[in-house]
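Colleague: I have a model open and would like to learn how to read it. Could you walk me through it, feature by feature?

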Amino acid sequence: MSPKSIYIPFDMMPNAVDPPSGFLGDGELRAWSTEKTIYPDRDEWVDPYRAERIYKMLDGRDGLTPKDMLAVETDVYSEMDQQMGQRLAYAI
């Protein structure tokens, strides 16, 4: 069962201008806090691992090309999986 769609006026949508990091990324994270909106929000959000990876890949880089962005989009590395794999291998 999907949640009922609602209309949110454009001027009430989450936004940012010139963020300190120099870019915006969400990795399926919550885009705004519930305190700052009167509109309902979904209750299910992913863990922050993907967004953290995106920020690590883009932090401090200038002049990104479409090829660079494709590498971010298709990146499948997971630090969490790496840590769990190491722990599992150690346990075996």
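**Reading the model**

Modeller: Start with one residue and its neighbours. This is a predicted model. Leaving aside neighbours within four places in sequence, aspartate 75 is in contact with Arg50, Arg53 and Met57.

Colleague: Where in the chain is aspartate 75 placed?

Modeller: Aspartate 75 sits in the loop that links helix H2 (66-74) to helix H3 (79-91).

Colleague: Is aspartate 75 buried or exposed?

Modeller: Look at the relative accessible area; the cut-off for buried is under 20%. Aspartate 75 has 17%, so it counts as buried.

Colleague: Which side chains make polar contacts with the side chain of aspartate 75?

Modeller: Two arginines. The side chain of arginine 53 makes a polar contact with that of aspartate 75 at 2.8 Å. The side chain of arginine 50 makes another, at 3.3 Å.

Colleague: Now the whole chain. How many helices and strands are there?

Modeller: The chain has 3 helices and 0 strands. From the N terminus, the order reads α-α-α.

Colleague: What share of the residues is buried?

Modeller: Of the 92 residues in the chain, 11% are buried. The chain exposes about 8200 Å², and carbon and sulfur atoms supply 56% of that area.

Colleague: Which residues form the largest nonpolar core?

Modeller: That core has 5 residues: Phe23, Ile54, Met57, Leu58 and Val72. Helix H1 (residues 49-58) gives the largest share, 3 residues.

Colleague: How should I read the pattern of buried residues along a helix?

Modeller: Begin with the helical repeat. An α-helix has 3.6 residues a turn, so residues three or four places apart point the same way. Then turn to the case here. In H1, the buried residues are Ala51, Ile54, Met57 and Leu58. Viewed down the axis of H1, they fall within an arc of 125°, so they line one face of the helix.

Colleague: What covers the buried residues of H1?

Modeller: The cover includes H2.

Colleague: Which residue with a positive phi follows H1?

Modeller: Glycine 60 follows H1, and its phi is near 75°.

Technical notes:
Residues are numbered from 1 along each chain as its sequence is written. This is a predicted model: local features need pLDDT of at least 70, side-chain atom pairs count only at pLDDT 80 or more; totals for chains, interfaces and linings use all residues. Side-chain values use heavy atoms; hydrogens and water are left out. Helices (H or I, at least four residues) and strands (E, at least two) are DSSP runs, numbered from the N terminus. Buried means under 20% relative accessible area, exposed over 50%, partly exposed in between (1.4 Å probe, protein chains only). A polar contact is a pair of N or O atoms within 3.5 Å; within protein, one must be able to donate a hydrogen and the other to accept it, and residues adjacent in sequence count only if both atoms are side-chain atoms. Contact means heavy atoms within 4.5 Å. A nonpolar core is a set of buried Ala, Val, Leu, Ile, Met, Phe, Trp, Tyr and Cys residues joined through side-chain atoms within 4.5 Å. Accessible areas come from the Shrake-Rupley method with a 1.4 Å probe; for residues, only the protein chains shown count as cover. The arc is that of the directions from the helix axis to the C-beta atoms.
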